[in-house]
Amino acid sequence: MNMRPDNIQAKKLQEPASQESRDKEMDRRFFNKLSLALLGFASLLVGIPIIGFLVDPLFRSAPRLWRQVGAVDDFKVGDIAEVSFDDTSALPWAGLTGKTAAWLYRQEEQEFVAYSANCSHLGCPVRWESDAQFFMCPCHGGVYYKNGNVAAGPPPRGLTKYPVRVQNGQVEILTSPAPIT
Amino acid sequence: MRILLQLWNWFDDRTGASAIWRATAGHLVPPNTGWAYVFGSATLVAFIVQVATGIALATIYVPSTASAYSTLQFISTQARWGHLLRGMHYFGASAMILLVGIHVTRTYLMAAYKYPREMSWLSGSVLLLLIVGMGFTGQLLRWDQVAFWSVYIAAEQAGRVPFIGKTIAHFILAGNTVGGTTLSRFFAFHVFFIPMLIFGFIGIHLYLVLRNGISEPPKKGHPVDPKTYRAWYEDMLKREGHPFWPNAAWRDVVFGVAVIVVLVALAWIVGAPHLSQPADPTILQAEPRPDWYLLWYFALLALTPPKLESYVMILAPLTFVLFLILPPLLANKGERSAWRRPWAIGLVITCWMMIGTLWIEGKRAPWSPDFSAESLPAHVVNATSGPIYEGAQLFHSKGCEYCHAISGYGGERGPDLTYVRDRLSADQITIRIVNGGVNMPAFGGTLTSSELRNLSTFLDSRTRTQKSQY
């Protein structure tokens, strides 16, 4: 049905072009371009804020803060314990996920090491097996030594370490982005 | 009655409803389409169930990381019909995946992707990928421990993409870590964005059926020739075709209703999937597993040698997409009958067997340590004191049993050690414990020499000959 106007136009074009029909053709082209350009402009007008809104987290780096995870004496020398602390970017409705867990190793009297709980293989939560003295991953059986190095299995590298310091008798961990291998 | 008729006539005149009905439901279809043709419409039926139950669930579900889990618990335990609706939504998702799998197998075996239906195949391929996307995003909305860690696993996999991996990973997380905006992002994709695309592509997919006609059941020796096919097809329809409704549609109705009945029955009897603990980054005792429809992929990644893994993570999905795109582009004419396309049969059998065996392996997950392994019972240890007994205790406490089984107790990640002494000498056993291996950590640094002696002595006693003594 909508073929007909086109056919008529096609026929007209084959005739020796009169000034009038050439003008009409120019008009048609102009209106076509104008409409497409306007629609493109409108799409950008709506689209840019939406895309910007969606990709914003990529450009916003959360401030990194030192978080207290406990007094130095809460941890035994040579032991590894789970600690948790608040993310810096935690939103009011984040609930439990506003927290991050880490494994804290009191290596020496004043020396602590903090490991990310994410396996370097695919990010599953590694657990510390205190009797066996290994970190083990439940997903594909990755194993790490106490110093965070890979002991066995598929992990491509050791456990990610978080910066940790002792300040006024308190152990503090620096909040960090989730480690992506 | 007269008034009703007049009303209908008025409505029909102003809208053209009956003309649309005749042109769509009344379109001619080839004879003998049979039961093989019901799976596409059944997928659509399951999708409609998903939309309906999904809207109902969304009236209570709150997509915030703090509340999602408790609203789901409310739906499951307190809201009237809530448990049933969640079950229907879960089994509806399962049905969609299964039915779309059968549908794509059927159309591939019958080469329905050939001229002029290439776009039907390609639009269907997009739908297939979108459905898998729905399955994955939907599982995360449970926002339990499994869901929480699955987000990390997805981000880690995306992170393996060269150059832009980290960007994609952080886009998935909606930030630097899993947090407040992660769940609502998945919710928006699961509930608005992907369904919108599905609606659109279903529209295209169905429109193409009307435009090009449903493919006739293939016959050996009737190759498709793009030059003559359309004329032949129209001619065939004029001679032998019958209207889709009700001549062919009754089968779709029967099967579609059966699908719904089975869905409701499963939801009633089996119920919605169990919610594990709430998503909590500080609970590290989690064992993330995908739902059954992605379990085979989990197995594929687990069984891939770590060195090749990054390639598999990127190339396997790409290969899958390529397999979907290529058939209509490479072979859009010629024989359609599967009996003249032995490679097609081979490919289908290979794919289903691969997915099937990987699925079984994924269910067993022998590569995962068994953290629930209990210490060996006395009749297996065969000693109540002394080094063998002590060694058996160490075998459990030092985590050996997570990965090694003895007489059926323990994990399957490492070799079975029931008769290890028959394979290895006492020295070899000790050396292996101390040094470890590819998938076994070295225990040299964590065992005292007396512990090592006891453990070795215990393993030395694991032999067939000793058992046959009595």
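**A guided tour of chains A and B**

Begin by selecting strand 3 and strand 4 (residues 112-116) of chain A, which pair in the antiparallel sense over five bridges. Two strands count as paired if DSSP finds at least two bridges between them; helices (H or I, at least four residues) and strands (E, at least two) are DSSP runs numbered from the N terminus.

The model is predicted: local features need pLDDT of at least 70, side-chain atom pairs count only at pLDDT 80 or more, and totals for chains, interfaces and linings use all residues. Residues are numbered from 1 along each chain as its sequence is written, while chains are lettered from A and ligands numbered from 1 in the order in which they are written.

**Around strand 3 of chain A**

Display Ala102(A), which stands opposite Ser116(A) of strand 4. Strand 3 of chain A is largely enclosed by the rest of the structure, because six of its eight residues are buried. A residue is buried if 20 or more other C-beta atoms, placed from the backbone, lie within 10 Å of its own, exposed if 12 or fewer, and partly exposed in between.

**The end of chain A**

Move to strand 10 (residues 164-167) and strand 11 (residues 170-174) of chain A, an antiparallel pair with four bridges. Select Val166(A) with its bridge partner in strand 11, Val171(A). Two residues lie between the strands of this hairpin, in which Asn168(A) takes a positive phi near 50 degrees.

**The contact between the chains**

Now show both chains: 46 residues from chain A and 54 residues from chain B make up the contact, where two residues are in contact if their C-beta atoms, placed from the backbone, lie within 7 Å. On the side of chain A that touches chain B, helix 2 (19-59), strand 2 (80-86) and strand 3 (99-106) are among the elements that each supply at least two residues.

**Helix 20 of chain B**

Finally, select helix 20 (residues 449-460) of chain B. Its buried residues include Asn454(B), Leu455(B) and Phe458(B). The buried residues of helix 20 pack against helix 16 (386-397), helix 18 (420-423) and helix 19 (426-435) of chain B.
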